[in-house]
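I would ask you to keep the structure in view while I speak.

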Amino acid sequence: MEAIEHPPIFRLPGIPDHVTYTWLVMLILAAVAFVASRNIALVPRGAQNFMEVVLEQFNGLIDDVIGPHGRRYLPLIATLGLFILTGNLLSLVPGVAGPTANLNTTAACALVVFFAYHYIGIRTQGLLTYLDHFTGPMAWSWGMLPIKLLMIPIEIVSHLARPLSLTLRLFGNMVGGHILLAIIFFLMGFNGLIGWALSGSVAGAAVGGIGGLIMIAFTVGFLYPLKILVSFLQAFIFVMLTMLYIAGATEHGEHAEHSSEHH
Amino acid sequence: MRRSLMLAAVFVLTVPGFALAQAPAAAAATGSWVGPFGVLVAGFAMAFAAGLCALGQGKAIAAAVDAMARQPGAAARIQTAMIIGLALIESLAIYVLVVAMILLFVQPIKG
């Protein structure tokens, strides 16, 4: 992507940019957590109030999707959600690289989810009951045996597609938006319309000036709000799918609904 | 009219091939047509993917809005289901975007 996007302003030598800015996200989240929990009061104020509202939202989502027994997975889910949201929003700051716009970061998050929900499923249901999920929702019988055997490769492929799709969805959304912004900036920058407007020619001042103003209005008024919306939406979707996978791994075989279809 | 449009499209599609055929120095290396056609394929793939993805998402949103208008009480749940469905539909177009970016930036098939 270096062909289009400008590298971030602050770089540590020898360390990839997404690792540097992952550390920045960690610092931000740790600082917020420290400020919010420094002196915990029964009636929350300020940062503590804010974080409690945020975590209440996560708890509400978990209650809706997994059920009340899912609240023990709040640390995993809320950490993923806050990390991805902060990373997405950080990548909108000019001169800063977003950690979630790199395939390695998103793949790491998706692999954590992949191993976590299998572990949760095995721990809550036992190994054999959990492996029974992979043969489909039908009851065991001799007549069903070929179908259940056929379900095993299908289910395995479907489960392997989950981390791939989680990875590529977040990465593709972020990088697609960044390339769009980079191209818009390239078109309106000092080599483009604004440069033409400042070049001194009359046609440049007229066309380039009007075009540059339209581009600036379009970027500030439409593209940036859209990117902020996408940042929240992608973090929400990542968290939502994580919760669906955990719900699918913890619910029992009889009413395993369509949750195995999500991939 | 339509036939002339198709001819124009065929001509546009084959221009890189003609240009390379005119330039034997560039075409001397085997398979050097891969680069320009990779760019073309990336653009057209993204166009098809975006258009069909928009059709699919439009159907999903239409059904969801219809359901929300009939059942305003269930709007929150319908909206959640809609957003998840949209994400799953959209991820297919995102796959194409990733493939297009691989074709453009990584260029695995140099020829």
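**Chain A and its helix 4**

Of the 263 residues in chain A, 28% count as buried. Please bear in mind throughout that this is a predicted model.

Let me begin with the overall form of the chain. Chain A has a radius of gyration of 23 Å, whereas a compact globule of 263 residues would be near 18 Å. Taken along the principal axes, the C-alpha atoms of chain A fill a box of roughly 85 × 55 × 35 Å.

As to secondary structure, chain A contains eight helices and zero strands. Read from the N terminus, the order of its elements is therefore simply written α-α-α-α-α-α-α-α. Among the contacts in chain A with a separation of 6 or more, 63% are accounted for by residues 24 or more positions apart.

I turn now to helix 4 of chain A, which spans residues 103–125. Which residues bring this helix together with helix 6 of chain A? First, the geometry: helix 6 covers residues 145–188, and the two helices pack at an angle of about 145°, with their axes 8 Å apart. Helix 4 of chain A passes helix 6 of chain A in a right-handed crossing. On the side of helix 4, the contact is made by Leu103(A), Thr106(A), Ala107(A), Ala110(A), Leu111(A), Val113(A) and Phe114(A). Helix 6 contributes Arg162(A), Pro163(A), Leu166(A), Thr167(A), Leu170(A) and Phe171(A). By class, this contact has 10 nonpolar, two polar and one charged residues.

The class count for the contact of helix 4 with helix 8 is six nonpolar, five polar and no charged residues.

Finally, I come to the contact between the chains. How many residues does each chain contribute? The contact takes 12 residues from chain A and 11 residues from chain B. On the side of chain B that touches chain A, 10 residues are nonpolar, one is polar and none is charged.

Methods:
Residues are numbered from 1 along each chain as its sequence is written. Chains are lettered from A and ligands numbered from 1 in the order in which they are written. This is a predicted model: local features need pLDDT of at least 70, side-chain atom pairs count only at pLDDT 80 or more; totals for chains, interfaces and linings use all residues. Two residues are in contact if their C-beta atoms, placed from the backbone, lie within 7 Å. Ala, Val, Leu, Ile, Met, Phe, Trp, Tyr, Cys and Pro count as nonpolar, Asp, Glu, Lys and Arg as charged, and the others, Gly among them, as polar. Axes are lines fitted to C-alpha atoms, for helices over the stretch in contact, and angles run from 0 to 180 degrees between N-to-C directions. Helices (H or I, at least four residues) and strands (E, at least two) are DSSP runs, numbered from the N terminus. A crossing is left-handed if the near helix is turned anticlockwise from the far one by less than a right angle, and right-handed if clockwise. The radius of gyration is taken over C-alpha atoms; the globule rule is 2.2 Å times the number of residues to the power 0.38. A residue is buried if 20 or more other C-beta atoms lie within 10 Å of its own, exposed if 12 or fewer, and partly exposed in between; C-beta atoms are placed from the backbone.
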